[in-house]
Amino acid sequence: MTLAASRDGYGAALLDLAEDERVVVLEADLGKSTKSCLFRAEYPNRTFSMGIAEQNMMLVVAGIASTGKIPFASTFAIFTERGFEQVRNGIARPNLKVHLCGSHGGIHTGTDGSSAQSIEDLAIYRTLPNMTVMHPCDDLSTKALTKALVNHENPSYTRTARNKTKRIYTEEESKLLEIGKFSIIREGKDVAILACGVMVAEALDAAENLSKEGIQATVIDVHTLKPFDHETMTSIAQKCGAIVTAEDHSIIGGLGGAVAESLANNHPTPLEQVGVEDVFGMSGQPAELMEHYGLTMSNIVKSSHKAIARRTS
Amino acid sequence: MRIIKDPSSKNSMMTGAEPTCEQRTVEDLQAIAKGCRREIVKMVKRANAGHPGGSLSVIDLLVGLYGTTLRVTTKDPKHPDRDRVILSKGHASPAMYSVLHAFGFIQESDLHTYRVYNGVCQGHVDSKWTPGVDFSGGSLGMGLSYGLGISLAAKMDSKDHFTWVILGDGECQEGEIWEAAMATVHHKVENLTVIVDVNGIQNDDFVDQQMVMGDLSAKWAAFGWKIKEIDGHDMAEICSAINWSKEMVGPCVILARTIKGKGVSFMENNPSFHGKAPDDEEFEQAMGELA
């Protein structure tokens with residue numbers, strides 16, 4: 001079992017993209033953390049420090065994108081939010097091809113505590129017209145999806161995680177991922193677990209445990225929250241009839257919210273949400289915090305039982 | 001306005017048949033500005049909404065730019081090598097629309113769509129809707145950062161197009177302006193000039209009542225910018241400041257002292273005409289004064 005952090009995939013992708021001269025990288029004093037430092041080391045002439053000034057960075061990348069270049073800008077997920085209105089009015093509204101990466105998303109970030117643990121980024125960026133919103137689960141999928149952004153026609157926000165979790169994909173598998181398409185990584189007929197980010201590994205463990213009880217679970221890596229794959233969502237809901245979502249994010253407006261909207265509109269189905277219950281985080285080791293906030297394999301198993309029990313057969 | 005003769009040619013930076021800065025006199029520019037003032041008041045009157053005060057204060061500066069140095073072409077408003085005009089105080093859109101009309105980017109009929117459903121001339125300047133508009137404004141404080149991005153990209157590619165960013169003095173209360181002011185100097189961006197329309201009034205009241213700005217010149221200088229202070233309604237001074245900033249090793253800021261509502265007596269220096277249309281009687285008076 002290989003452990004890896006999705007933020008490393010972002011750094012690796014930038015290096016791979018460097019041969020495209022249009023690619024430009026911006027940082028706001030956190031390049032060592034988001035891993036854009038790898039690009040800076042090789043391509044200092046195409047890397048710009050914006051200092052600790054995120055609002056300015058959002059419009060600078062917008063201006064750069066308006067000339068046909070493809071800028072990638074990163075900081076902590078939480079600090080992208082400081083420039084939210086800039087993203088809204090300066091990037092999303094004119095639909096400029098700017099790619100933002102927010103690292104250190106979620107409670108899993110750990111000991112820095114609540115100020116650094118964004119649990120609302122996926123929700124807020126999902127509300128912006130034109131924006132693509134992604135939250136890949138491991139380094140290889142982050143790398144593949146970030147590389148795909150170079151040909152993407154919209155601005156995007158990608159959340160990565162600070163800490164290592166189980167690698168889910170092989171290099172070859174990761175190359176098959178498509179922005180906006182669910183990745184089904186395990187198939188079963190009894191319940192569908194939709195997860196993103198660090199919770200995908202938990203979801204796979206939960207499915208393994210459920211199978212010992214004779215419950216066959218589908219596990220989906222929802223690496224792209226927007227555009228949302230309604231078509232696959234509906235077919236999975238028809239097949240399984242019970243849905244669980246799992247995310248290191250508020251249960252309001254993120255993956256659970258997106259799934260709830262899709263189900264309510266297209267195929268009402270019992271849904272149980274595993275996520276942060278509308279509270280802020282605190283300091284602690286990632287494992288302690290995941291346990292405290294219920295972001296665990298065992299809570300996904302429990303929620304699966306509940307969703308199955310609510311199914312009208 | 002200089003003309004990019006043949007967008008496909010490598011020598012596309014030729015000046016064309018239209019009058020250039022050498023050929024337009026100060027009197028020509030003053031006449032254009034007066035015509036724009038009339039259109040500004042008419043637009044706001046027709047829409048019964050909008051921002052006449054800050055449009056009338058900034059108009060001479062815009063006409064000075066478009067009428068002299070600006071390298072743009074109506075045939076290809078998105079030409080990659082064009083100079084950019086970033087109207088960061090995007091609510092002064094009637095001024096921008098009147099200038100774009102005066103220089104042939106949009107038609108007279110387009111001016112009638114100001115603030116109208118599905119209209120070419122949106123409430124605040126918007127690059128998606130209006131030919132010749134480079135920046136989608138309407139939220140203060142963002143234009144300098146955007147212009148910096150464009151100029152950084154030009155510098156990377158050794159291109160010589162120039163970026164002009166127009167700010168309000170009230171707008172300089174936004175922190176992002178100073179983030180961008182720092183970053184412009186840090187990255188040694190020289191193909192960019194800021195023009196501040198210092199009209200002394202913001203939405204609610206006089207600037208000094210809302211938030212004392214102190215010595216703007218000293219503030220910009222402290223951030224490493226080269227400063228020129230001018231009368232923002234004196235066309236000769238405007239033209240000379242524009243030339244000054246192009247000849248200097250930038251970045252430069254032109255602090256243009258202006259009068260909010262300039263040209264319409266009852267709007268001049270009157271905070272209530274920041275964002276209000278004239279009534280019928282006031283409109284007639286304004287048209288008489290701008291005849």
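**Reading a buried helix**

A: The buried residues of helix α11 (residues 230–240) of chain A include Thr232(A), Met233(A), Thr234(A), Ile236(A), Ala237(A) and Cys240(A). The model is predicted, and every value discussed here is computed from it.

Q: Which elements cover the buried residues of α11(A)?

A: The cover includes the strands β9 (183–186), β10 (191–195), β11 (217–221) and β13 (243–250) of chain A. Helix α12 (255–266) of chain A also belongs to it.

Q: Which residue takes a positive phi just after α11(A)?

A: That residue is Gly241(A), with a phi of about 75°.

Q: How is the packing of two helices described?

A: Two packed helices are described by the angle between their axes and the distance between the axes. In chain A, helix α1 (residues 6–17) and helix α8 (residues 139–148) pack at an angle of about 40°, and their axes are 7 Å apart. The two helices α1(A) and α8(A) are therefore oblique to each other. Their crossing is right-handed.

Q: Which residues of α1(A) and α8(A) meet?

A: From α1(A), the residues are Ser6(A), Gly9(A), Tyr10(A), Ala12(A), Ala13(A), Asp16(A) and Leu17(A). From α8(A), they are Asp139(A), Thr142(A), Lys143(A), Thr146(A) and Lys147(A). By class, this contact of α1(A) with α8(A) has four nonpolar, four polar and four charged residues.

Q: Is Tyr10(A) buried or exposed?

A: Tyr10(A), located in helix α1 of chain A, counts as buried because its relative accessibility is 2%. Not counting residues up to four places away in sequence, Tyr10(A) touches Thr142(A) and Thr146(A), along with Thr34(A), Ser36(A), Phe72(A), Ala73(A), Ser74(A), Cys101(A) and Thr160(A). The C-alpha atoms of Tyr10(A) and Leu140(A) are separated by 9.0 Å, although the two residues are 130 residues apart along the chain.

Q: How does a helix pair in chain B read by the two quantities of angle and distance?

A: Helix α1 of chain B and helix α9 (residues 235–247) of chain B have axes that come within 9 Å and cross at roughly 110°. That makes α1(B) roughly perpendicular to α9(B). Here Val26(B), Leu29(B), Gln30(B) and Ala33(B) in α1(B) meet Met235(B), Ala236(B) and Cys239(B) in α9(B). The residues of this contact divide into six nonpolar, one polar and no charged.

Q: Where does His51(B) lie, and what is it in contact with?

A: His51(B) is in the loop between α1 (26–47) and α2 (52–67) of chain B. With a relative accessible area of 14%, His51(B) is buried.

Q: Is Asp204(B) buried or exposed?

A: Asp204(B) counts as exposed, because its relative accessibility is 57% and the cut-off for that class is over 50%. Asp204(B) lies in the loop between β3 (192–198) and α7 (207–210) of chain B. Its C-alpha atom is separated by 34 Å from that of Asn191(B), and the two residues are 13 residues apart along the chain.

Q: What are the corresponding values for chain B?

A: Chain B comes to ten helices and five strands. For 291 residues, a compact globule would have a radius of gyration near 19 Å, and the 18 Å of chain B agrees. The C-alpha atoms of chain B fill a box of roughly 55 × 45 × 35 Å along the principal axes. Buried residues make up 57% of chain B.

Note on methods
Residues numbered from 1 in each chain as written. Chains lettered and ligands numbered in written order. Predicted model: local features only at pLDDT ≥ 70, side-chain atom pairs only at ≥ 80, totals over all residues. Heavy atoms only, no water. Axes fitted to C-alpha atoms, helices over the stretch in contact; angles between N-to-C directions. Helix = DSSP H or I, 4+ residues; strand = E, 2+ residues; numbered from the N terminus. Parallel < 35°, antiparallel > 145°, perpendicular 65-115°, else oblique. Left-handed = near helix turned anticlockwise from the far one by under 90°. Contact = heavy atoms within 4.5 Å. Nonpolar A, V, L, I, M, F, W, Y, C, P; charged D, E, K, R; others polar. Buried < 20%, exposed > 50% of the residue type's maximum accessible area, 1.4 Å probe, protein only. Rg over C-alpha atoms; globule rule 2.2 N^0.38 Å.
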